[in-house]
Amino acid sequence: MAIKHVHYTNPNENIKIDFVQMGFHKTPSLHQVRPKVRDHYLLHFVINGTGQLTIKGQQNSPKSGECFLIRPKDLAEYISDQENPWEYYWLGFAGPDAGKVVEESGFSDWSDIIRPTYISEIIDTLQMIDRANLDTDDDIRMIMCQWIMYQVLYYLLKGSSIPEPLQHREMASSKREHVLKAIHIMEADYSQPLTIAHLADRININSNYLSKIFKEEMGMSIKQFLTKFRLGVAATKVRLSRKSFKEIATETGFEDSLYFSKLFKKQYKCSPSEYRKML
């Protein structure tokens with residue numbers, strides 16, 4: 001396992017964008033970061049491998065060339081793939097303007113993952129963490145870390161500002177609005193029986209079209225998303241309550257508790273009872 005990092009605590013709220021932490025990790029198989037809430041924005045730039053990211057019950061699998069974001073106060077956990085574990089750089093920052101920078105970098109309420117245009121330049125910049133670690137003077141190290149942070153954010157903003165034809169932008173905006181509405185319905189009514197036709201009726205669009213644009217925008221089908229979201233909520237209930245697994249299955253929209261246990265084990269590599277004992 002290779003790991004190197006710089007971490008400063010208590011970010012200065014008077015600085016518009018303040019450096020908090022930065023590092024590199026070549027994770028071992030099934031390396032897990034337990035559920036945690038942070039007080040700053042945290043970016044991960046994946047250079048190799050894949051894994052599973054869960055934020056507020058929503059699950060995704062960021063892979064090489066992608067960047068995933070964890071926002072302040074979001075309950076997030078992630079685990080590296082067993083066969084092809086992550087290698088990533090991370091960068092944490094805070095401040096009054098941090099949220100604005102994140103929004104302008106291409107992240108949105110419905111997506112915590114982007115594929116930066118200038119990913120190679122970003123990785124080259126983050127590799128300078130070695131130079132930051134070599135400096136024994138705290139002030140010099142901090143200046144170096146701040147410079148790396150601003151350079152990375154520069155490349156993120158530069159990449160997101162590449163203009164698209166107006167027609168494409170309007171079409172993309174409309175698609176994302178429909179997908180976001182579908183996600184909001186699933187997040188609110190996950191315990192109820194939900195079908196693609198039901199979602200499409202609620203949004204007032206064709207069900208085949210909804211399926212198509214959802215897959216395009218989210219990289220997975222509606223059924224896959226809903227299952228992952230329900231399992232994420234179920235995992236939280238397993239962790240934080242002493243309810244029976246049958247109760248939890250019913251509360252999260254699974255009619256068959258045996259089927260629920262099978263899906264849970266496939267997702268988390270252990271049964272609900274084993275998962276509860278681990279915590």
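**A friendly note on this predicted model**

1. Phe-264 and Tyr-268 sit together in helix H10 (residues 257-268), 4 residues apart, or about one turn of the helix. Helices (H or I, at least four residues) and strands (E, at least two) are DSSP runs, numbered from the N terminus. The model is predicted, so local features need pLDDT of at least 70 and side-chain atom pairs 80 or more, while totals for chains, interfaces and linings use all residues. Residues are numbered from 1 along each chain as its sequence is written, and side-chain values use heavy atoms, leaving out hydrogens and water.

2. How are the rings of Phe-264 and Tyr-268 placed? Their centres are 4.8 Å apart and their planes are at 35 degrees, so the pair is tilted. Rings of Phe, Tyr and Trp (its six-membered ring) pair if their centres lie within 6.5 Å; planes under 30 degrees apart are stacked, over 60 edge-to-face, and the rest tilted. Both Phe-264 and Tyr-268 are buried (under 20% relative accessible area, with exposed over 50% and partly exposed in between; 1.4 Å probe, protein chains only).

3. Across the whole structure, a search finds 17 aromatic pairs. One aromatic cluster is formed by Phe-68, Tyr-78, Trp-86, Tyr-88 and Trp-90.

4. Now look at strand E2 (residues 18-26), where 8 of the 9 residues are buried. E2 pairs with strand E9 (residues 87-94) in the antiparallel sense over 8 bridges; pairing takes at least two DSSP bridges between two strands. Asp-18 stands opposite Ala-94 in E9.

5. Finally, Leu-226 belongs to helix H8 (residues 222-240). Leu-226 counts as buried because its relative accessibility is 7%. Leaving aside neighbours within four places in sequence, Leu-226 is in contact (heavy atoms within 4.5 Å) with Met-186, Tyr-190 and Leu-194.
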